[in-house]
Amino acid sequence: MTLLISGGSIVNAEAVWDHVTMADREFGVYRPVIVIKVLDASNKDWWWGQIDEEIGWFPASFVRLWVNQEDGGAELAEGTSEVQNGHLDPTNDCLCLGSPLQNRDQMRANVINEIMSTERHYIKHLKDICEGYLRQCRKRVDMFNDDQLKVIFGNIEDIYRFQMGFVRDLEKQYNTEDPHLSEIGPCFLEHQDGFWIYSEYCNNHLDACMELSKLMRDGRYQHFFEACRLLQQMIDIAIDGFLLTPVQKICKYPLQLAELLKYTAQEHSDYRYVAAALAVMRNVTQQINERKRRLENIDKIAQWQASVLDWEGDDILDRSSELIYTGELSWIYQPYGRSQQRVFFLFDHQLVLCKKDLIRRDILYYKGRIDMDRYEVRDAIDGRDDDFNVSVKHAFKLCNRDSEEIHIFLAKKPEEKIRWLRAFHEERKMVLEDEKIGFEISEYQKRQAALTVRKVTKQKGVNRWAPPSYPPPQDPLSLGQYEVTEDMAQGEVFEFSQSKRGQAPFWQNFSRLAPFKK
């Protein structure tokens with residue numbers, strides 16, 4: 001192709017993969033309509049090209065070459081030894097250099113080189129943030145306090161340390177002479193647990209932008225951050241652009257691995273590792289997005305709590321971040337005690353009990369909560385229960401692990417019992433996943449949620465929020481995955497099957513509460 005360009009032919013490249021710029025003199029290429037005029041292809045990894053009036057570098061592996069058919073371009077292409085050694089795809093006039101096998105190896109090499117190049121650039125960006133911005137901010141105690149720096153930069157230093165170790169292992173697996181032979185899939189698998197630290201950073205990013213926006217209203221901070229950039233000799237990007245790069249990076253890994261897998265032959269020693277790495281990184285980004293969604297809905301949890309009258313004790317957000325299931329059950333919490341109708345809200349870590357107003361059935365009163373970290377769920381078979389000396393049907397128990405305290409719950413239908421049992425399983429699953437990645441709501445986010453509630457309450461001119469409406473419930477998990485068997489031993493600790501949590505927004509979960517009947 002270099003011969004074509006030097007001979008005066010116009011060589012165009014069409015974007016086949018989106019590229020977000022991360023360095024100076026790059027430009028972004030985006031599918032499906034971006035066509036780039038290739039000006040210099042002497043470097044096998046990075047080509048120099050033009051889009052409209054913009055000139056810059058772009059990664060060669062992100063584009064597909066086309067031969068211009070005007071002004072004798074096709075004849076010139078056919079007359080060059082470079083193209084004679086290659087082939088033209090008759091379906092789309094795409095120029096493919098070398099044999100199909102050689103072309104696949106070259107494309108794999110291009111993707112590998114692109115991954116290595118972006119990792120090195122990314123490490124430079126992280127270093128600039130930590131040394132160029134964060135270190136200088138810590139010196140100015142007259143301008144920043146610790147809480148502000150935590151909000152703005154999050155755990156960027158942890159990410160920097162993790163990425164340096166990850167890149168060191170990538171470099172060990174990188175075959176400089178034959179990049180297509182590199183085996184980088186195992187690196188992603190070995191470091192898969194480390195990528196979860198991005199969850200905290202991504203969840204905090206919106207708060208960081210809000211805090212920066214407030215500071216930038218003061219000209220002193222604008223000048224300070226610009227001075228930091230110049231002192232560190234960073235590229236001409238504002239601080240919020242630098243702080244966005246970790247969010248972009250974690251989202252880009254599945255795209256890069258998918259492209260690498262496409263050009264990796266199944267017989268290649270790296271194939272199964274790349275396939276596994278792609279699945280892992282897709283799961284990481286999916287879970288990060290799920291937790292980000294939960295944080296975006298914490299305002300609605302605070303609003304719901306404000307709607308419940310006579311609230312006592314800690315706020316829901318002190319321990320919980322999601323409503324998992326809700327409904328009305330009969331409840332007995334002591335032997336020979338009478339059955340009481342209550343509305344139950346199952347959050348992660350806690351089950352909240354409420355009572356409906358006798359006249360205004362849409363008003364709820366707080367009646368207590370159960371710490372789910374201290375209880376286990378047990379099934380109760382139909383018939384007379386020895387613990388409570390009552391006949392039960394469609395029942396289950398919550399038993400305190402540290403004492404003899406037992407609560408028994410009775411559903412109206414067996415299907416509702418099954419939904420509750422699955423919901424309790426989901427609650428424990430969510431808690432374990434959150435502990436694994438260190439997910440929690442920051443004090444700053446709690447304060448922001450409380451502030452939002454006060455603002456909206458003031459705008460409405462009332463002292464509390466109107467409670468949510470109660471249309472018919474929808475099962476958060478698919479039916480048929482678990483059946484209550486008649487021969488299940490009484491007192492046996494219930495073991496749940498694995499199931500996938502739905503992706504419904506929090507406020508939608510609230511709006512799916514069961515209709516309360518007198």
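User: How do you know that helix H11 and helix H13 count as roughly perpendicular to each other?

Analyst: In this predicted model, helix H11 (residues 271–296) and helix H13 (residues 414–437) pack at about 105 degrees, and their axes are 13 Å apart. Angles of 65 to 115 degrees count as roughly perpendicular, so H11 and H13 get that label.

User: Which residues make the contact between H11 and H13?

Analyst: H11 brings Gln287, Arg291 and Arg294, while H13 brings Met430, Glu433, Asp434 and Ile437. Sorted by type, the residues of this contact are 2 nonpolar, 1 polar and 4 charged.

User: What makes the phi of His349 worth a look?

Analyst: Well, most residues other than glycine have a negative phi. His349 isn't a glycine, yet its phi is positive, about 85 degrees.

User: And how do you know that His394 is buried?

Analyst: Try the cut-off again: under 20% is buried, and His394 has 14%, so it passes. His394 sits in the loop between strand E14 (390–392) and strand E15 (395–400). Its phi is positive too, near 55 degrees, and His394 is not a glycine.

User: What makes Asn145 a cap for H5?

Analyst: Look at the N-terminal end of H5: a side-chain oxygen of Asn145 lies 3.1 Å from the backbone nitrogen of Asp147. After H5 comes Gly154, with a positive phi near 55 degrees.

How values were computed: Residues numbered from 1 in each chain as written. Predicted model: local features only at pLDDT ≥ 70, side-chain atom pairs only at ≥ 80, totals over all residues. Heavy atoms only, no water. Helix = DSSP H or I, 4+ residues; strand = E, 2+ residues; numbered from the N terminus. Buried < 20%, exposed > 50% of the residue type's maximum accessible area, 1.4 Å probe, protein only. Polar contact = N/O pair within 3.5 Å; in protein donor to acceptor, adjacent residues only side chain to side chain. Axes fitted to C-alpha atoms, helices over the stretch in contact; angles between N-to-C directions. Parallel < 35°, antiparallel > 145°, perpendicular 65-115°, else oblique. Contact = heavy atoms within 4.5 Å. Nonpolar A, V, L, I, M, F, W, Y, C, P; charged D, E, K, R; others polar.
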